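Biologist: I have the sequence and the model open side by side, and I would like to learn how to read them together. Could you take me through a few features slowly?

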Amino acid sequence: MNNFAFMIHPLDISDFARKFGLLGKLPPRLLEGLFKYAPPIKVSKITGVYSEHGCTEGWFVACPITARLMVELPEKYVMRKIIKTGKLAQKMGAKILGLGAFTSVVGDAGITVAKNLDIAVTTGNSYTVATAVDGAREAARLMGHDLKKCHAVVVGATGSIGQVCARMLARDVRSVTLVARRKNRLEELADKIMYETGVAARITSDIKQALKDAHIVIAVTSAVDTIIGPEDLMPGAVVCDVSRPRNVSRQVAEKRRDVLVIEGGVVNVPGKVNFNFNFGFPPGTSYACMAETMMLAMEGRYENFTLGRDLSLKQVEQISALARKHGFRLAGFRSFERAVSPEEIAGIRERARARAKQALSKAR
């Protein structure tokens, strides 16, 4: 059997409570501190992943450090914990390991982890990019936008995922704004986009200003706290939030019923997959980064696939081809842990149009 493992970790302290019941009743900071010293955890067996061309099964393994601690603790300490968790997966028989959430961005984005293991490693970012861009395109279409007339904003544009998202979107839209902190890296990316597409991308570190006229937003930062609020977006905006923890505040969904927020990288898994663990998704679906690990195992491609900060369009195209071969596909849309129906999207679209008309009338 082609075996894999996928590494998860608690995004916040509430994730401990779901898994460990009464132990989760302890004060949050105390519980978080205790688990900092815990060994890696085998969470569950994953079965039933198959297509006409292959099959696989694997495990969830957990590095017991929250997202906040992964940022705040010394990097060397966090890396040791991640590598130790990887060695547990290796001991269990996994031949390829996928890195989930913050375990894929700490340090050098998987390179050091791969060097310290005897099995292949991937962050899953190639398929995450593919599904994020596909999802944003489809959501914009359903909201009534013509891509050729849209202005797109990529928040976290100089990261490994953000760069490729920006380059792919620039092929389809009227204009692009790139948002990140480091001006020199923004300028390099803008030059590359100009060369590839002829689009003159704007660059800025001012998120609030950049979002005001954005029809499409892809958010891919490593921020621990939310950075996009309900006051930041124009009526009818489509926001694809790829980040975990989220970049978009839940208040956007609560207060802005004229804006569509979707989760990036949610896909249907072929076969009759059973994760034996509730991570908040409907049955049969997973994050794209998990799916990349599964499809590489189905192919028997035990190689380091997506590692480091440099993600290539070629990798994204290769993994998209494997997804089509095995039947992995975009799983509709989800927003803040729940499915969004076509009827809901139609309602958002109509409210956005009404609000835009109202604003136009006032301007006159």
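Modeller: We will go from a strand to a helix, then to the cores and finally to some loop residues. This is a predicted model, in which local features need pLDDT of at least 70 and side-chain atom pairs count only at pLDDT 80 or more, while totals for chains, interfaces and linings use all residues. Residues are numbered from 1 along each chain as its sequence is written, and side-chain values use heavy atoms, with hydrogens and water left out.

Biologist: Is strand β1 enclosed or open, and how many of its residues are buried?

Modeller: Helices (H or I, at least four residues) and strands (E, at least two) are DSSP runs, numbered from the N terminus. Buried means under 20% relative accessible area, exposed means over 50%, and partly exposed lies in between, with a 1.4 Å probe and protein chains only. In β1, residues 3-8, six of the six residues are buried, so the strand is largely enclosed by the rest of the structure.

Biologist: Which residues of β1 lie on each side?

Modeller: In a regular strand the side chains alternate between the two faces of the sheet. Here Asn-3, Ala-5 and Met-7 are on one side and Phe-4, Phe-6 and Ile-8 on the other, and both faces are covered.

Biologist: Which strands pair with β1?

Modeller: Two strands pair if DSSP finds at least two bridges between them. With β3 (residues 54-62), β1 pairs in the parallel sense over six bridges, and Phe-6 stands opposite Phe-60 there. With β4, the pairing is again in the parallel sense, over four bridges, and Ala-5 stands opposite Leu-97.

Biologist: What span should helix α11 have, and why?

Modeller: The expected span of a helix is 1.5 Å times one less than its number of residues. Helix α11 (residues 288-299) has 12 residues and should therefore span 16 Å, which agrees with the 16 Å between its end C-alpha atoms. The helix is mostly covered, with 11 of its 12 residues buried, and just after α11 comes Gly-300, which takes a positive phi of about 70°.

Biologist: Which residues touch the most other members of the largest nonpolar core?

Modeller: In soluble globular proteins, nonpolar side chains tend to be buried together. A nonpolar core is a set of buried Ala, Val, Leu, Ile, Met, Phe, Trp, Tyr and Cys residues joined through side-chain atoms within 4.5 Å. The largest one has 80 residues, of which Phe-60, Tyr-127, Val-129, Leu-178, Ile-218 and Phe-328 touch the most other members. Helix α11 gives the most to this core, with nine residues. Apart from it lies another core of 26 residues, including Met-7 and Leu-99.

Biologist: What is Phe-328 in contact with?

Modeller: Contact means heavy atoms within 4.5 Å. Leaving aside its neighbours within four places in sequence, Phe-328 is in contact with residues including Tyr-127, Ala-291, Met-294, Met-295 and Met-298.

Biologist: Is Ala-109 buried or exposed, and what is its phi?

Modeller: Ala-109, in the loop between β4 (96-99) and α5 (111-115), has a phi near 60°, a positive value in a residue other than glycine. Ala-109 counts as buried because its relative accessibility is 1%. Asn-276 also has a positive phi, near 55°, but at 47% relative accessibility Asn-276 counts as partly exposed.

Biologist: How far apart are Ser-222 and Ala-67 in sequence and in space?

Modeller: They are 155 residues apart in sequence and 9.8 Å apart in space, C-alpha to C-alpha. Ser-222 lies in the loop between β9 (216-219) and β10 (238-241), and Ser-222 is partly exposed, with a relative accessible area of 43%.
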